[in-house]
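Please look at the chain shown here before reading on. The paragraphs after it go through its parts in turn.

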Amino acid sequence: MAKRTHILGTGHFVPERVVKNADLEQLMDTTDAWIQQRTGIQERRWIEKDTGASELALPATKRALEMAGLEAKDLDAIIFATLSPDYNFPGSACLMTDLLGIPGTPALDIRNQCSGFIYGTQIADAWIKAGMYKKVLMIGSEVHSTGVDVTTRGRDVAVIFGDGAAAVIYGASDDESCGVIDAMVGADGSYAKELWLELPGSRYIPRITKEGIDEARHYPAMNGREVFKHAVRKMPESVAMLLERNRLTMDDVNLFIPHQANLRISEAVQKHLGLPDDRVYNNIQKYGNTTAASIPLAMDECVRSGKLKKGDLLAVAAFGAGFTWGAALFRM
Ligand code: UT7
């Protein structure tokens, strides 16, 4: 059994097509000023041709493998966090075994929206510490652009989300000086309809109707204000709880990466936690909200740019549809 789960490599990939706020002005009644003022987002990436979440994840995974000095065949298991899987079934993790050429590798999809990366990290950490697997590929990948209503009717949601993928390779080690320190997660389904995608739904006969489509129930729907209100409370609460149970304080944290939901949410969380600007990382300006990919994508940018250095304490937190939430601590 391993004592610690180390980060062996990170990688990310976003589609080439940049969609600026001005481009959205051509599709719906919105303005660059509104989007920037309410969300901080300047641009996001959208796929150009049919591309699944698994295909976006492939280059991200290759980059993470390269950093780790590993090959796909070295992986013992795959966890794929997404709310936009390639298909309803089979899961995108399963598709990854084919794309990576490693048939037979255990593959698990998790559907925990913006908190997916933290849920997945907790699972990978438990698997590794239990001695079940030694090297686990953790992916967060989303293709939102094919699923949002890009007319004025859907503008509150459509302007926020972007496509992107990121991967982290976790590995077993007995060296306790770095790695995953702890992770916590939670969920409350009584808020399910505050941010959801209802159709097609297996509870309905039939799962989707023309009437449902006319009513736009096959697009994500969000009560933005309600989500905002809960996010700014739950994220700092989760981090504070996690720090406390590990006998650490905010002063020990070198860098905080909040899930990139909305720059205003990140700023409110930062304020709650009393952190200066140089200890918080945001990149939503460039990518929008990439849900399960947002935290590992930011982690990879920080690792590659040198913003995260060996020995740093990294805290991450997420909140999103479900509601689900979570936080994790890493020693780099
Ligand atoms: O990862 C977790 C997932 N989601 C979130 O975390 C999102 C959390 N919530 C939010 O980020 C914000 O609530 C939004 C950015 C979605 C909306 O900002 P808001 O300040 O809460 O605006 P609002 O929904 O109260 O809408 C204000 C006005 C409305 O018009 P009226 O009713 O005042 O005339 C909206 O129709 O802004 C209008 N509006 C827009 N206007 C231009 C909504 N979307 C847009 C848009 N462009 N894209």
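This is a predicted model: local features need pLDDT of at least 70, side-chain atom pairs count only at pLDDT 80 or more; totals for chains, interfaces and linings use all residues.

Residues are numbered from 1 along each chain as its sequence is written, and side-chain values use heavy atoms, with hydrogens and water left out.

The domain assignment gives domain 1 (4-176) and domain 2 (180-331); such bounds come from an automatic or database assignment. The C-alpha centres of domain 1 and domain 2 lie 14 Å apart. To their contact (heavy atoms within 4.5 Å), domain 1 gives 53 residues and domain 2 gives 48 residues.

The size of an interface is often given as the accessible area lost when the parts come together. Between them, domain 1 and domain 2 bury about 4,000 Å², with 62% of it on carbon and sulfur atoms; buried area is the accessible area (1.4 Å probe) that two parts lose on being put together, summed over both. Of the area that domain 1 buries against domain 2, C114, F117 and I118 supply 17%, more than any other three residues.

Between domain 1 and domain 2 there are 24 residue pairs in polar contact, both residues at pLDDT 80 or more. A polar contact is a pair of N or O atoms within 3.5 Å; within protein, one must be able to donate a hydrogen and the other to accept it, and residues adjacent in sequence count only if both atoms are side-chain atoms. Several elements each supply at least two residues of the side of domain 1 that touches domain 2, among them β1 (4-13), α3 (53-68) and α5 (116-129). Helices (H or I, at least four residues) and strands (E, at least two) are DSSP runs, numbered from the N terminus. With 7 residues, α5 gives the most to that side of domain 1.

There is also a ligand. Around the ligand are 22 residues (a heavy atom within 4 Å), of which T30, R38, R225, N262 and N289 come nearest. An N or O atom in the side chain of N289 is 2.8 Å from an oxygen atom of the ligand. For H259 the corresponding distance is 3.0 Å, and for a polar side-chain atom of W34 it is 3.3 Å.

Most residues other than glycine have a negative phi, and most peptide bonds are trans. The bond joining F89 and P90 is cis, with omega about 0 degrees, and P90 lies in the loop between β4 (77-81) and α4 (92-99). The peptide bond from L199 to P200 is also cis, with omega near -5 degrees.
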